[in-house]
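Please read the points below with the structure in view.

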Amino acid sequence: MSGDTNTGVPDSPAARLQALFEGHRLTPTQRRIAHSMVRRAADVPFLSSVELAQLAGVSQPSVTRFAVALGFDGYPALRRYLREVAPAEQSAGTASYNEYQQAVEAEIENLRHLADLLADPRPVQEAGRLLAASRPLPVLGLRAAASQAYGFAYFAAKVHPDVRLLNEGGTMIHDRIDAAVRAGASALLCFALPRHPREVVDTLAYAREAGLTVVTVADSAFAPVAKVSDLLLPAAVGTGLAFDTACAPMLLGRVLLEAMCDDLPDAQARLEEFDTRAAARGLFVE
């Protein structure tokens with residue numbers, strides 16, 4: 001998913017930054033800087049190299065090398081370019097917010113960015129087709145991403161005939177992928193959130209070697225899982241609190257469910273059947 005204005009994606013600061021980084025081979029440290037810049041797209045043109053380094057948790061020389069890797073003479077040249085393509089003034093209105101309000105505002109901005117990306121629905125529609133066609137459908141999420149995988153698998157099982165949740169790592173995870181492939185799986189959905197476990201990267205590499213098409217929901221197009229994913233759908237996480245918040249990845253998961261339902265002809269019938277049985281069992285309190 002990109003910020004290409006020809007696809008109808010709004011020309012947002014984050015989308016323009018994303019387009020700037022595409023096509024460059026970035027080191028893990030440089031991907032971290034790029035991720036931080038996308039997350040704070042409206043503020044970045046006004047940050048010094050030292051401030052950007054602190055934001056990304058890297059050294060100031062790393063920021064300079066990053067600017068050079070993008071084709072600029074140095075960070076001042078990169079910042080001048082960003083000021084030319086960014087809004088004329090910094091975003092206002094949040095300075096008086098307390099830290100809890102700021103965290104909420106950051107999540108709202110993450111959702112706005114996701115809405116911008118979804119203006120081009122084709123990547124999500126393609127992902128929906130891949131997931132609907134895979135029988136069974138393995139859904140992977142470890143550590144911080146386990147709850148995202150569980151939530152998706154819970155709802156997906158209501159419309160998909162065979163969903164297999166992989167939310168615990170260890171030596172058996174490759175066995176479970178092998179079993180899914182033997183049963184006919186053609187794709188795997190992964191939720192990958194920071195901090196990214198090495199085991200997730202290794203597992204996705206194994207899944208691709210086994211012949212699965214890997215669809216990944218990650219916090220950034222520059223996440224470590226990008227190199228082992230066939231289709232990566234980015235949704236930023238909030239980092240303003242002690243633990244990351246993942247409203248955008250959760251919502252993107254529900255959007256993927258919707259796209260998958262569009263390619264499952266009997267999805268509505270399955271939902272109606274579930275509702276009938278739930279009512280007969282008195283499953284829910286009205």
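**Notes on the predicted model**

1. D230 and R208 form a salt bridge (a side-chain nitrogen of Lys or Arg within 4 Å of a carboxyl oxygen of Asp or Glu), and their closest N and O atoms are 3.1 Å apart. This pair joins distant parts of the chain: D230 lies in the loop between strand 4 and strand 5, R208 lies in helix 10 (residues 198-209), and the two are 22 residues apart. Helices (H or I, at least four residues) and strands (E, at least two) are DSSP runs, numbered from the N terminus. D230 is partly exposed, with a relative accessible area of 42%, and R208 is partly exposed at 33%. Buried here means under 20% relative accessible area, exposed over 50%, and partly exposed in between (1.4 Å probe, protein chains only).

2. On the basis of the values: this is a predicted model, in which local features need pLDDT of at least 70, side-chain atom pairs count only at pLDDT 80 or more, and totals for chains, interfaces and linings use all residues. Residues are numbered from 1 along each chain as its sequence is written, and side-chain values use heavy atoms, with hydrogens and water left out.

3. How many salt bridges does a search of the whole structure find? The search finds 8 salt bridges. One of them is formed by E126 and R129, whose closest N and O atoms are 2.9 Å apart. Because they are 3 residues apart in helix 7, E126 and R129 are separated by about one helical turn. An α-helix has 3.6 residues a turn, so residues three or four places apart point the same way. E126 is partly exposed, with a relative accessible area of 31%, as is R129 at 41%.

4. The side chains of R122 and D120 also meet in a salt bridge, at 2.8 Å from N to O. R122 counts as partly exposed at 48% relative accessibility, whereas D120 is buried with a relative accessible area of 11%. Side chains of opposite charge can pair when their charged atoms come close.

5. The largest nonpolar core has 32 residues, and F152, L189, L256 and M260 have the most contacts inside it. Such a core is a set of buried Ala, Val, Leu, Ile, Met, Phe, Trp, Tyr and Cys residues joined through side-chain atoms within 4.5 Å. At least two residues of this core come from each of helix 7 (122-133), strand 1 (137-140), helix 8 (146-156), strand 3 (187-192), strand 4 (213-218), strand 5 (231-234) and helix 11 (247-262). Helix 11 supplies the largest share, 6 residues. Apart from this core lies another, of 26 residues, including L17, F21, L26 and A41. In soluble globular proteins, nonpolar side chains tend to be buried together.

6. Setting aside neighbours within four places in sequence, L256 is in contact (heavy atoms within 4.5 Å) with V124, A127, G128, L131, F152, L189, V217 and L233. L252 is found in helix 11 and is buried, at 0% relative accessibility. The C-alpha atoms of L252 and V217 are separated by 7.8 Å, although the two residues are 35 apart along the chain.

7. In helix 1 (residues 13-21), the buried residues are A14, A15, L17, Q18, L20 and F21. What covers them includes helix 2, helix 4 (60-69), helix 5 (75-85) and helix 6 (99-117). Helix 1 is followed by G23, whose phi is positive, near 90 degrees.

8. Q30 has its place in helix 2 (residues 28-39). Is Q30 buried or exposed? Q30 is buried, with a relative accessible area of 11%. Its side chain reaches the backbone nitrogen of T27 at 3.0 Å. Not counting residues up to four places away in sequence, Q30 touches R25, R65, F66 and A69.

9. The count of disulfides (pairs of cysteine sulfur atoms within 2.5 Å) comes to 0. The sulfur of C190 is 19 Å from the closest cysteine sulfur, in C247, which is too far for a bond. C190 is buried, with a relative accessible area of 0%, whereas C261 is partly exposed at 22%.

Methods: A polar contact is a pair of N or O atoms within 3.5 Å; within protein, one must be able to donate a hydrogen and the other to accept it, and residues adjacent in sequence count only if both atoms are side-chain atoms.
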